[in-house]
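Let's take a friendly walk through this model, starting from a single residue and moving out to the whole protein. Please have the structure open as you read.

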Amino acid sequence: MVISTYTQVSYVDILRRSNRVASYTDLTEMLDALLDLLLDVTGARAGQIYLYDAGQHHAVFIRARMSDGNGAISLPAPLFPDYLLDTALLELLLRSPQPLLIQPQTLCAGICFADTPVGAVQLQGVSSEIQSNGALDPVVLVQIVLERLAADIVRVRTITQQTRLLAGLEQSNRRLSALNTFITRISTTLNRNHLIQTIMNYAEELLNVEATSFWLLDKTGTRLHLLVAAGNYRDVVSEMSIAADQGVIGHVVTHTQQREIVNNVEQHPHFNREVDLRTGFVTRSMLCVPMRAPTILRDIQRSDSIHERIIGGAQALNKRDQSGFTEEDAQLFETLTRQAAIAFQLSQMFEEEDRLFWGIVKTVSMAADMKDPSYSQGHSRRVSHVAVEIARELGCNAEQIARIRIGSRLHDLGKIGISDMILSKKGQLDANELDVIRQHPAIGFNLLQDAGLGELLSEELKAVIEHHERLDGTGYPRGLKADEISLIGRIVAVADVFDALTSDRPYRSALSITESFEILNEMSSTALDPQCVLALCQAHARGRIALLELAQAS
């Protein structure tokens, strides 16, 4: 039986098509098919469908379809006035037993299942042939179709929400796993640039963006310098700096000091096209966050206090899937960049402390060298250079080598406490003067102990007090024998004798390396450790020790 001349849609055909609509498992496809069916039933030229948001108590636009004569096409936004956004009208529709004509050619109908709101449909350009009576009236058929499909819409919508929730959980799990890996990796190094590069790489991966970048404020606070870039940005940028208040990143760092999501940079008043023009990169969207890091302020009373300050900012650019940045993205990026800022500050603090420490070590060792004119300038530095090469040849690990480097540099520290008259005496020293000279290892040891460095420099102190000990027990100041002398003490002893032999002394000229090795071999086993002497010879054979290198070390 034909419903009317304009639709040519039979009741049986409507039931069949309703069943096909009900078979869809994709919500978008189901709603598109539903709208197509309703357009055919009513002769409408366009339709829109909304789903009810129980949390917000209003209808949310989902899909729009328009008939172009050859079928229906989907549209991304509503085509005509959103009557269904009127809360009062929506409530009336959801209570009404049948669709309502709210305008001459506008039909609206609520969708309910088990007295629970599901959504609503709005049809525009409905055929004027619609009659309000008769069992096969299209208005009645719209009601029948919606009642038939309400449960299926709820079912597929629930599945879709669960699928999205599962996908979100999977993404969260991936992000959590990556964060755990990330935290493990950043704890293995204090190299500043490596740390920041690792963090930016992880941000690029976790946020699924084309590029990330780290901008650092200079000491004047007037310029932002690009420190690290990751992703596509890494290939197109090199050294770059901008005014601290320039661009979205500058606005975030120097003005708002709050994170900012910009999903269309063309609409942002602070977007700076200069960087894109210089690099060829095309920025569509961005997420900018300020980088806050703790700063330790110290005073002489040791009442250290920690303050937080902005040290720069970070950007994530262009989601790869063309979607917009979300609050979840912003929270994740803030977490990563906060770790980056803290790691940066710790790394910088470590570098500064290291420079300070070595500056003091070098100054003290140079002062000790200057006290003893019997050695050429740079004695402690040369001994340190040779001792490190001996340690490497012996297979010492990185920590041992680091301690040997420090201990050998400080080995003659005690000469600071020896009288200049004795150290600068040109003639032969008498027995009393020799006894005084032989106290310098103990003086150096006590100086470091009294400074509270006994625990921190426990191994290094052995180099200071044992570098004149001999295997046969004839050394000083303790007369230690064989294995009673630590490895660091034996290494520095060989390096110290080697430098003494190869340096000009007041009573003789420097010996050649060959002559020096002959004397060292003679002293081997009785005074000096034979393995350390052999290691020195091997290091020289490998080209790691030469008089030219020793001169450069000075």
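## Around serine 285

Setting aside neighbours within four places in sequence, serine 285 is in contact (heavy atoms within 4.5 Å) with Val262, Asn263, Val265, Ala316, Leu317, Asn318, Lys319 and Phe325. You will find serine 285 in the loop between helix H7 (274-279) and strand E11 (286-297). Its relative accessibility is 6%, so serine 285 counts as buried; buried means under 20% relative accessible area, exposed over 50% and partly exposed in between, with a 1.4 Å probe and protein chains only.

A word on the model: it is predicted, so local features need pLDDT of at least 70 and side-chain atom pairs count only at pLDDT 80 or more, while totals for chains, interfaces and linings use all residues. Residues are numbered from 1 along each chain as its sequence is written, and side-chain values use heavy atoms, with hydrogens and water left out.

## The protein as a whole

The protein has 18 helices and 12 strands; these are DSSP runs (helices H or I, at least four residues; strands E, at least two), numbered from the N terminus. Of its 554 residues, 46% count as buried. Among contacts between residues at least 6 apart in sequence, 60% join residues at least 24 apart.

## Two nonpolar cores

A nonpolar core is a set of buried Ala, Val, Leu, Ile, Met, Phe, Trp, Tyr and Cys residues joined through side-chain atoms within 4.5 Å. The largest one here has 32 residues, and those with the most contacts inside it include Leu34, Leu38, Ile111 and Ile153. At least two residues of this core come from each of H1 (11-22), H2 (27-42), E1 (46-53), E5 (106-113), E6 (116-124) and H4 (138-186). H2 gives the largest share, 10 residues. Another core, of 31 residues, lies apart from it and has Ile390, Leu511, Ile513 and Ala527 among its members.

## One face of H1

Which residues of H1 are buried? They are Ile14, Arg17, Ser18, Val21 and Ala22. Seen down the axis of H1, the buried residues fall within an arc of 145°, so they line one face of the helix; the arc is that of the directions from the helix axis to the C-beta atoms.

In strand E7 (residues 209-217), 8 of the 9 residues are buried, so the strand is largely enclosed by the rest of the structure. E7 pairs with strand E8 (residues 223-231) in the antiparallel sense over 7 bridges; pairing requires that DSSP finds at least two bridges between the strands. Tryptophan 215 has leucine 226 of E8 as its bridge partner. In this hairpin 5 residues separate E7 and E8, and glycine 221 in the turn has a positive phi of about 75°.
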